[in-house]
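Hi everyone, thanks for making time this morning. I'd like to walk you through one structure, so let me put it up on the screen.

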Amino acid sequence: MTHLLTMQHFLNSLLLETSEYQIKDNCIHVDLNSHRQLEIPLNYISASGRHRYSGKVLLRDLDELSQIPFSQAASLLVDRYFPEVDKDKKTLFLQRVENSNDYVKRASSALALRQSRHDLQGFITSEQALSGGHSMHPAPKCNEPLNQQEQEAYLPEFAGEFAVEWFAVKEDKLAGEYVSGSLKYELKEMFLSCHTQGGSSLPDTEWVPIPMHPLQAREWRKAQANCQVLQAYTLDLGLKSDGWTATSSSRAIYHPNCKWMLKVSLPVRLTNSLRLMTEPEARRGTQFSKLMKTAAGEELKQRLNFANFIEEPMWCSIVGQDQAVLD
């Protein structure tokens, strides 16, 4: 059974890409060939293309009209609009749509259960309530290669808690910036706030702690094991900090008692992209913080004194063996 949000997101994203359809009598009409047509009833017609659907899809074959499952309609639409794409790619695409649909159904059920228990905590509750994902994407909750257990542990809609894992890097191999102070000092302060005895875990003052998401840490250990150069200046501290949970973006994670949120690289395809942070992307994140320190930024804060601005004033990574900053 297809979740209504899956149908809505798939069709709206498709219709943005084409004009080869008609809307009449509160229904979308798509010609498949000379004698077949899809008719998709609407509950709401949006001028911006964000239509709402009844949940039904009808196939008209000559003068015969029958209701068909959305999965069949999606396959017909892919064949109709993308005849040049080979069969294997179409099959993979439709499987991703189905995987996303399965996730949306489970996530919606988990959210409904939490709401029935009144398990609500303000900010993070709103972040974890967007169970349908991107409203204009055919497979908004695609998250390859995570299995169901990993999805429920690390993705926002299930509100799971997990532990960040701590590594260390020699200071001369630390890349990054903190626009309001010392990067090294701030990382150590974060580490000590999570582990009162954490300082004794560092070999000496030349080592700087770095937190990693558990999925990120797993991939890092693989890279570290296969590279003796990395082993020389990075260290697995074997320490974890519990109580973190994902926000709506999945790669931004939150702890109620930490002054920092972390935005991490993840070895996961979220929607359609592998979510790795690059150095240029990280640098762009600091530009808003720099703006807020100017006269224009001060004026903005005065004019909008009811607002709190979330910034990205700090980033960090590790320098690789070719002196390039690692993603």
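A quick definition before we start: the expected span of a helix is 1.5 Å times one less than its number of residues. And please keep in mind that what you see is a predicted model.

Let's begin with helix α6, residues 183-194. With its 12 residues, α6 reaches 17 Å from first C-alpha to last, close to the 16 Å expected.

Now, which residues of α6 are buried? They are Leu183, Glu186, Leu187, Met190 and Phe191. These residues cover an arc of only 135 degrees around the axis, so they sit on the same side of α6. What do they pack against? Strands: β8 (162-170), β9 (174-178), β10 (207-212), β11 (234-246), β13 (262-263) and β16 (314-318).

Let me stay with methionine 190 for a moment. Setting aside neighbours within four places in sequence, methionine 190 is in contact with Trp166, Pro211, Cys258, Trp260, Leu262 and Met314. Met190 also turns up in the largest nonpolar core, which has 42 residues; together with Val169, Leu174, Trp244 and Leu262, Met190 touches the most other members. β8 gives the most to this core, with six residues. Apart from it lies another core, of 25 residues, including Leu32, Leu59, Ala73 and Leu76. As general background, nonpolar side chains in soluble globular proteins tend to be buried together.

On to isoleucine 68, in the loop between β6 (64-67) and α2 (70-81). Is isoleucine 68 buried or exposed? At 8% relative accessibility, isoleucine 68 counts as buried, since the cut-off for buried is under 20%. Beyond residues up to four places away in sequence, isoleucine 68 touches Leu38, Val57, Leu59, Ala73 and Leu76. Leu59, Ala73 and Leu76 are among the members of that 25-residue core. For a sense of distance, the C-alpha atoms of isoleucine 68 and methionine 212 are separated by 46 Å, and the two residues are 144 apart along the chain.

My last stop is arginine 251, in the loop between β11 and β12 (252-254). Arginine 251 is buried too, with a relative accessible area of 10%. What is arginine 251 in contact with, leaving aside neighbours within four places in sequence? The contacts are Leu262, Lys263, Val264, Leu266, Arg275, Leu276, Met277 and Glu281. Leu262 is also one of the contacts of methionine 190.

Conventions
Residues numbered from 1 in each chain as written. Predicted model: local features only at pLDDT ≥ 70, side-chain atom pairs only at ≥ 80, totals over all residues. Heavy atoms only, no water. Helix = DSSP H or I, 4+ residues; strand = E, 2+ residues; numbered from the N terminus. Buried < 20%, exposed > 50% of the residue type's maximum accessible area, 1.4 Å probe, protein only. Arc of directions from axis to C-beta. Contact = heavy atoms within 4.5 Å. Core = buried A, V, L, I, M, F, W, Y, C linked by side-chain atoms within 4.5 Å.
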